[in-house]
Amino acid sequence: MAKSRKSRQAVEAKSDAQMTRRTAILALGGIGGFGIIGGRLYQLQIAESENYLALSEENRFNYQTVLPSRGIIRDRHGEPLASNTLDYRIDLVSEQIDDLDLTLKQLGDIINLSEGEIKRIRRDVKRRPDFVPVTVKDHVDWDQFAALNMRVHALPGIVPTAGEGRTYPRDAVFSHITGYVGKANDRDIERDDDPLLLQPAFRIGKVGVEQAMDVPLRGQGGRLKVEVNARGRVVREWPDPSDAATPGQDVWMTLDAPLQRFTAEQFGDDSGGIAVVDVMTGELRTLLSMPTYDANLFVSGLTQADMDALNNDERRPQYNKVLSGGYAPASTYKMAVMLAALESGLVDPDRRIFCGGKVKLGNRDFHCWRSKTGHGAMNMRDSLKQSCDTYYYEISQVIGIQAIADMARRLGLGQSYGLNIGGERDGIVPDPGWKRDRLGSGWRMGDTLNASIGQGFVLATPLQLAVMTARLANGSQAVSPSLYAGFDRDSFASLNIDPDHLRLVQDSMWSVCEEPGGTAFRPNGLGIAGLDMAGKTGTSQVRGISRAERATGVLRNDELPWKYRDHSLFVGYAPYDRPRFAVGCVVEHGGSGAGRAATIVRSVLGEALRRDGLGARTDAGAERTAL
């Protein structure tokens with residue numbers, strides 16, 4: 001019994017010892033566990049509190065890019081030529097979308113996405129980083145926008161936005177100047193690291209002033225702090241004025257919007273270009289190419305039907321004829337030949353040259369426009385007044401092509417003026433060096449005769465013709481055109497032409513418009529009492545006339561298809577005795593210069609003067625330099 005009791009006591013003692021160890025182990029484990037938890041809590045809440053607070057803030061808050069408001073393009077009076085309007089759009093952020101197919105299907109049920117649009121969205125999603133929004137649809141109408149906003153809570157990653165869109169006047173008479181904006185393409189993004197270009201709603205200038213002045217117009221982007229829920233939906237905005245976007249700068253033009261509209265009305269359905277320039281300051285009041293196109297189509301999205309209509313129009317609405325159109329200046333070039341002859345001292349302006357209707361050079365006849373009867377004996381003044389081609393055939397052989405080309409360049413032809421708008425064409429003032437370099441052949445006397453009447457290789461834009469006329473009217477300074485208001489510029493260089501020679505040219509141009517027998521004479525002239533104008537007609541031949549046709553009778557313009565008719569040109573300035581505005585005008589296939597172009601210029605000059613008050617100039621530095 002005693003042995004059995006001892007044995008039980010020993011077992012109990014051993015069990016107690018084991019319990020004590022287990023208790024101790026558990027206690028140590030508990031202490032250790034609490035220590036780890038405490039340490040982790042310390043790490044989370046104290047040691048790394050700032051990091052986790054930042055992470056928490058990132059999950060709670062996001063930053064959205066705020067697009068700047070694009071600057072306005074204005075005319076000289078402040079009228080907007082390109083402005084902004086409210087625009088509804090829908091974007092998509094792919095990193096917030098679990099099932100793109102399902103989302104696009106649900107979205108399509110609300111806003112009618114086409115197969116083409118869905119294909120484009122998928123392509124953009126693949127090409128852009130997940131966090132960069134992708135355009136779903138621009139220019140959404142209010143009904144669709146409102147319907148989407150009612151259901152957007154069930155469409156994570158879909159972002160309807162009310163922002164700004166670009167708009168242009170509906171009469172479209174400024175489209176060739178303002179140009180238009182468009183979405184940045186891959187090439188734009190590659191050469192410009194501005195992050196704004198990645199934003200689907202952001203637009204950059206593509207052509208015209210929008211492109212030339214894009215950087216000041218676009219402004220600088222800002223950012224907006226927003227609070228989001230667990231699904232990424234914005235629940236609150238936290239605007240900070242220091243993060244606000246900087247609006248783009250307004251751009252002021254020298255153009256007179258009402259005058260430009262008036263000029264377009266005079267053109268009607270005709271095709272061509274016209275420029276009105278201040279003869280003292282060089283400011284352009286009108287710079288118009290006709291017909292025009294609606295720049296809004298390129299912002300809202302050009303349809304294939306729109307594109308076909310533009311491309312199939314033989315009058316080429318998208319082509320900027322006033323800056324880029326190269327036309328033979330025809331008889332408007334004769335002032336350059338006349339001045340070259342006077343400056344050379346080789347031609348007596350009073351000497352009379354007989355016009356029998358043509359000049360023979362070798363075995364080739366060079367015809368005057370009055371080829372059947374000729375003009376008879378012409379002095380220099382009468383030759384311009386009646387636009388006798390024979391007179392210029394003869395004197396050009398005396399003075400040579402180089403003197404003519406040099407004078408044409410002094411008058412502003414054969415060059416661009418750095419208007420900073422794009423599309424300016426230099427034109428062509430040919431001479432032996434030009435022909436050798438461009439065509440690889442020598443100059444011939446026949447080339448000189450052709451050039452003497454503004455045909456052959458000679459090309460000029462309507463703007464260049466306006467500048468040439470402004471320099472002739474100014475009489476002393478090489479006026480250069482400007483399109484942007486408020487830009488400081490150097491004073492114009494001197495023309496360095498004998499004032500007596502300029503005065504004879506001006507008087508001859510006056511006789512064209514104001515004396516009976518002048519090719520542009522009208523009894524009522526400008527239609528403004530006491531104000532005369534000066535000018536010159538030009539009829540630019542666009543087709544060859546065969547000997548057979550000349551023998552049987554040259555077809556009239558109205559007997560020919562439109563594209564074979566002569567171009568109608570006219571240059572002029574007014575008032576004659578104190579010039580203010582000069583105009584260069586080309587009407588494509590408009591017939592004689594005395595007809596269509598002269599009629600347009602006469603109306604436009606009169607309107608420009610009426611709009612300017614007909615009184616003394618008020619702008620500084622605008623007094624005419626006395627000859």
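Student: What do the axes of helix α10 and helix α23 do in this predicted model?

Tutor: The axes of α10 (residues 257–267) and α23 (residues 593–611) come within 10 Å and cross at roughly 160°.

Student: Why are α10 and α23 called roughly antiparallel?

Tutor: Angles over 145 degrees count as roughly antiparallel. The crossing is at roughly 160°, and therefore α10 and α23 are roughly antiparallel to each other. The crossing is also right-handed.

Student: Which residues of α10 and α23 meet?

Tutor: From α10 come P258, L259, F262, T263, Q266 and F267. They meet R596, I600, S603, V604, E607, A608 and R611 in α23.

Student: How many nonpolar, polar and charged residues has the contact of α10 with α23?

Tutor: Seven are nonpolar, three polar and three charged.

Student: Why is α3 called oblique to α5?

Tutor: The axes of α3 (residues 100–111) and α5 (residues 142–151) come within 9 Å and cross at roughly 140°. Roughly antiparallel needs an angle over 145 degrees, and roughly perpendicular runs from 65 to 115. The angle of roughly 140° makes α3 oblique to α5.

Student: Which residues make the contact of α3 and α5?

Tutor: L107, I110 and I111 of α3, with Q144, A147, L148 and R151 of α5. By class, that contact has five nonpolar, one polar and one charged.

Student: At what angle do α14 and α17 cross?

Tutor: At roughly 115°, where the axes of α14 (residues 334–344) and α17 (residues 401–410) come within 8 Å. The crossing is right-handed.

Student: Which residues of α14 and α17 make the contact?

Tutor: α14 gives A336, V337, L339, A340 and E343. α17 gives A403, I404, M407, A408 and R410. Eight residues of this contact are nonpolar, two are charged and none is polar.

Student: What makes A330 worth a remark on phi?

Tutor: Most residues other than glycine have a negative phi. Phi of A330 is near 55°, a positive value in a residue other than glycine. A330 lies in the loop between α13 (321–324) and α14.

Student: How do you know that the bond joining M290 and P291 is cis or trans?

Tutor: Omega is about -5°, and the peptide bond is cis. P291 sits in the loop between β12 (284–290) and α11 (296–300).

Student: What is omega for the peptide bond from A574 to P575?

Tutor: Omega is near -15°, and that bond is cis. P575 is in the loop between β18 (567–574) and β19 (581–587). Most peptide bonds are trans.

Conventions. Residues numbered from 1 in each chain as written. Predicted model: local features only at pLDDT ≥ 70, side-chain atom pairs only at ≥ 80, totals over all residues. Heavy atoms only, no water. Axes fitted to C-alpha atoms, helices over the stretch in contact; angles between N-to-C directions. Helix = DSSP H or I, 4+ residues; strand = E, 2+ residues; numbered from the N terminus. Parallel < 35°, antiparallel > 145°, perpendicular 65-115°, else oblique. Left-handed = near helix turned anticlockwise from the far one by under 90°. Contact = heavy atoms within 4.5 Å. Nonpolar A, V, L, I, M, F, W, Y, C, P; charged D, E, K, R; others polar.
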